[in-house]
Amino acid sequence: MNKAPVIMLWGQMVSITHEWISAENIASGKLAVRLTTGGSTDFESWTPAELSDSPFGPAATYRGPLPPFFRLRAAVSLGGELSETAEITQAPRAPEPDYSPGAYLPSDMPGEIRLSAEAGGIFFTVSSAPYSSGEFTPGGEAIAAVPEPRAFENEYSAPVSLLEASDTRAVIIKAVTAAKSESGEVFTSPVTTLFYAPDAAVKKLTPDNVEEILAEMTVEEKLTLTGGIGGDPTVLINDGPAGATYGIPRLGIPPLVLADGPAGVRMRKNATVWLSPTGMASTWDADLVREVGARVAAEALHYAVDVILAPGLNIQRNPLGGRDFEYYSEDPYITGTIGAAYISGVQSGGVGTSPKHFAGNDQENFRGRGNVVASERALREIYLRGFELASEAAPWTYMCAYNAVNGALANENSWLMTETLRGLWGWDGVVMSDWGADYDPAKSLEAQMDLGEPTRDTIAALRWLRDESVDEKERARRELLLDRSARNMLKLILKTHAYKGAYGALLPDGSYGPSPDGTPGLTRDIINRRSTDFGGSAIQIESAVLNRRLASEGMVLLKNDGGALPLSRGAKISLVTSEVAWDELDNPGWYGSTASLGDIVTQGRGSAQVKFNGDGGTKWAPTLREGLAAGGFDIVAWKRDGELAGTVNTGLRPGTALSGGSESIALDEGARVPARREDVEKAAAQAIAAGAEAFVFVMTRVSGEGQDVVPEEFALCAREESVFGPYADAFRAAGRRVVVLLNCGSAVDTSLFREKADAILDVYNPGTEGANAIADILSGAVNPSGKLTQTFPLTYDDSPSVAMAREEHRGKTFGTDPVYYDEGVYVGYRYFDTFGQGARAAFPFGHGLSYTAFEFKNLRLEYVEPAAEGFTATVDVTNTGGVPGREVAQLYIGADTYKSEGRPVKELRAFAKTKILAPGETETVTLSVSPRGLCFYDDGNPAGELAERDISYTDGRRWRAAPGTRFTVTVGGTSEPEALKARGVRAELVI
């Protein structure tokens, strides 16, 4: 019998994944997926599930009604084979008191305690025990002596009296929620243990008493602290974050709020949508990104958020990655450096960060439990290096990935979280799961994955902690593991605004009262009002100023033949935008927020999507048309490509079967339908007759969490191609300019644009100030200075993750399970440069044009012998053009031993961006390379070669640079070899 499927619950949706579940097997008609909450063992009588996309790749889903409590079983059949049965239990939540338990002597100490439960009946036992101030042990004999409550015995119906509580006695309550299913099966919650005793000496959390507080906590409280609230935590004052933790008010421990934030604070609250992270990295300006992080922290504090779940530090390994827009680069040095800047900026504002997804979550399909197979060298040099560099900024937390790395799931991967992150790198903090990735709390605690989000299976954890089949020594060891994670949580809490009183004084019921200075405590009404008033407020305007600067510096000018850009102020424009962007207006994402302004898509979808267009519309997020008009341009014609192709409101839906063409663009109607050439030429002629000096065409793509992009979306669809080609031909024939804006999250096919456009500007997902920033660049108000951080391959098949696939792994190197990282360390430009494939790169890594020109001179290397200890390079950068501008000095090293050591021919090891240089002005830039920058990782296998065995890791210290190695150090404005040779400067050093 085949292994059991994996069941996950998302609200009322059941998602089932299994290796048999694929589009191919569904099409064969031989696959069946069924589930039941009843007692039947007859697979054929169970309820069928349906194939659907999910955050975990191809899956079967069930969206029908579920009973409140159930034991759900699922199995998969293929042909005549039946898998093993998977099973999960949905039990009631434990009872909750109206007053936080513990020892108190407040003036409002109640005389009775009320218990509540979401559903089911409450059954309890109550007793009293001797109590001595400072010596009562919540997990000790006194509580153990109170009998465990039994379901349907001694039902709670009235408040429990605390009259027996005194200076010498504590009242102890144990309660459980119980319910019966329709079949009569009994479901019970974990036991809630409460104690109450008046005590003026009760301890509250301080930086100096973490161990004492830990000793005060019950096992249940420790588990509560290391698990999330789950779902939509509406019990919090700021409903709508990604998750939260429980507070323990009796010990002065507040709840923490966790919100996504790679591109801004994601909640049910209006906030700034920043230029997408790839665009942030394309500024090559760590100081600017640090400023952005500080503004994100200011907006997080505005909404009482304690930890931002960002930055995303996975590698852009393939241009179809669903979250490529959310990640910084194909290069780990850029990734780690920019990530560290974002971390430093956010945490300078007293808000924590959580670099994610540690590690190997470089694709969305099959990210849930999918297995990444990679050599240790590739992991150390590429996929872990960015996280390692970011650890130097001391992020408060890390988030582990869903997937497995070489067979070990991230949540139970001690090599990742204990040996590498904490041991080798010396980082100290909380590791949390991705949402739903705390698959087994026992294994998580063993591996030191501290916080299970959005919830932790406390029933399974308690069963493991109190397992009577193991001896007392083993049970004590297990509790020490729980203590370790709870201790990490307490240290995290001490850093937060919540602990430091920024939201008010923590009250026993978990709400916030007035601060000692009389400032009212934050409430949901106050925070909701802040969201309603966000647009036009001082905090929004301050962020907008920086966001406009960020977007204009991050956009990359890929092509500018004949000085097509900038356009003169007041120029008349014919604008054609994408039907994809228009369709997005009718496709609200999480929390009802769209990613689109109708003519441009501001952001990617999923957990990086920020609410910005509710509660007042888009008055503070201009459309592209509004931004261009404000920038002085006159739009004499505006069309959507769907209008020209006649596919608007035709009733065509994604996937409509039409003859010819490729797969439909996601969310887009009529992508396979070409426009009639005569209709396009007529529209172009009308625009030219109206005086249009330039044709601006917007190519839009939308991607996001949960699904990778299909290969057909890498290229232009039939509608786009049939509109752009004739329109561009007409304008060029009339001597007018053709400008393309790439409104995409990552690299796309630019073949037709390279042929027919005069200028190509990559604007990414540009955020709420994107339209203004585009106008700034098109008009020349801002000189573009962005540089690519991801190679644009000529075709999808030119991507190294595809091109370097071993024969036996063809079709298994992206978007599959398992996924083989056959290219090893040759990711992105490392592949194109090393193997002479530069002609297969449409635009190289580090490429980006300016309206001026720069010259690099006088490269000088300084180092203390031996050179293996690293070095400093200085280089003079001069603006030799006619307008002010900024340039990026990119330092690459290449070893003469690169072939024998399996190194790339060159690798980025440092970069710096100049200030704005006036024409003729020179700046001397300093670039530092650490000793690690001269090394490769020697795992015993050549780069790019996977071991045909289970990978066993080394101690992580085998970084090598052989004495006598000669290094070429090259500094220039791109990675492209010929351009570096012609316009860069080089020097050599020998170690």
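**Aromatic rings**

I began with the aromatic cluster in this predicted model, where ring pairs link Trp284, Tyr333, Tyr829, Phe845, Tyr892 and Phe911. I then looked up how many aromatic pairs the structure holds, and the count is 32. From these I picked out Tyr831 and Phe835, whose rings form a tilted pair with 5.8 Å from centre to centre and 45° between the planes. I noted both numbers because a pair of aromatic rings is described by the distance of the centres and the angle of the planes.

Is Tyr831 buried or exposed? I find Tyr831 buried, because its relative accessible area is 10% and the cut-off for burial is under 20%.

**Charges over rings**

I next looked for charged side-chain ends placed over aromatic rings, and wrote down two cases. The charged end of Lys180 sits over the ring of Phe152, at 5.0 Å from the ring centre. In the other case, Arg932 has its charged end over the ring of Trp959, at 4.2 Å from the centre of that ring.

**The sheet of β39, β40 and β43**

Turning to the strands, I traced an open sheet of 3 strands in the order β39-β40-β43, with antiparallel pairing. Which strands stand at the edges? They are β39 (854-862) and β43 (922-929), and each has a single partner strand, so one side of each is left without a neighbour in the sheet. I also noted that neighbouring strands of this sheet are turned by 20° against each other on average, with direction ignored.

Strand β40, which covers residues 871-879, pairs with β43 over 8 bridges in the antiparallel sense. As a point to find on screen within this pairing, I marked Val875, whose bridge partner in β43 is Val925.

My last entry concerns strand β20 (residues 257-260), which I checked for what its two faces hold. Val257 and Ala259 lie on one side and Leu258 and Asp260 on the other, and as these residues are all buried, both faces of the strand are covered. I set beside this the general rule that in a regular strand the side chains alternate between the two faces of the sheet.

I then followed the pairing of β20. Strand β19 (residues 243-244) runs antiparallel to β20 and is joined to it by 2 bridges, with Ala244 standing opposite Val257. With strand β21 (residues 307-309), β20 pairs in the parallel sense over 3 bridges, and here Ala259 has Ile308 of β21 as its bridge partner.

How values were computed:
Residues numbered from 1 in each chain as written. Predicted model: local features only at pLDDT ≥ 70, side-chain atom pairs only at ≥ 80, totals over all residues. Heavy atoms only, no water. Pairing = 2+ DSSP bridges. Helix = DSSP H or I, 4+ residues; strand = E, 2+ residues; numbered from the N terminus. Axes fitted to C-alpha atoms, helices over the stretch in contact; angles between N-to-C directions. Buried < 20%, exposed > 50% of the residue type's maximum accessible area, 1.4 Å probe, protein only. Phe/Tyr/Trp six-rings, centres within 6.5 Å; stacked < 30°, edge-to-face > 60°. Lys NZ or Arg CZ within 6 Å of the ring centre and 35° of its normal.
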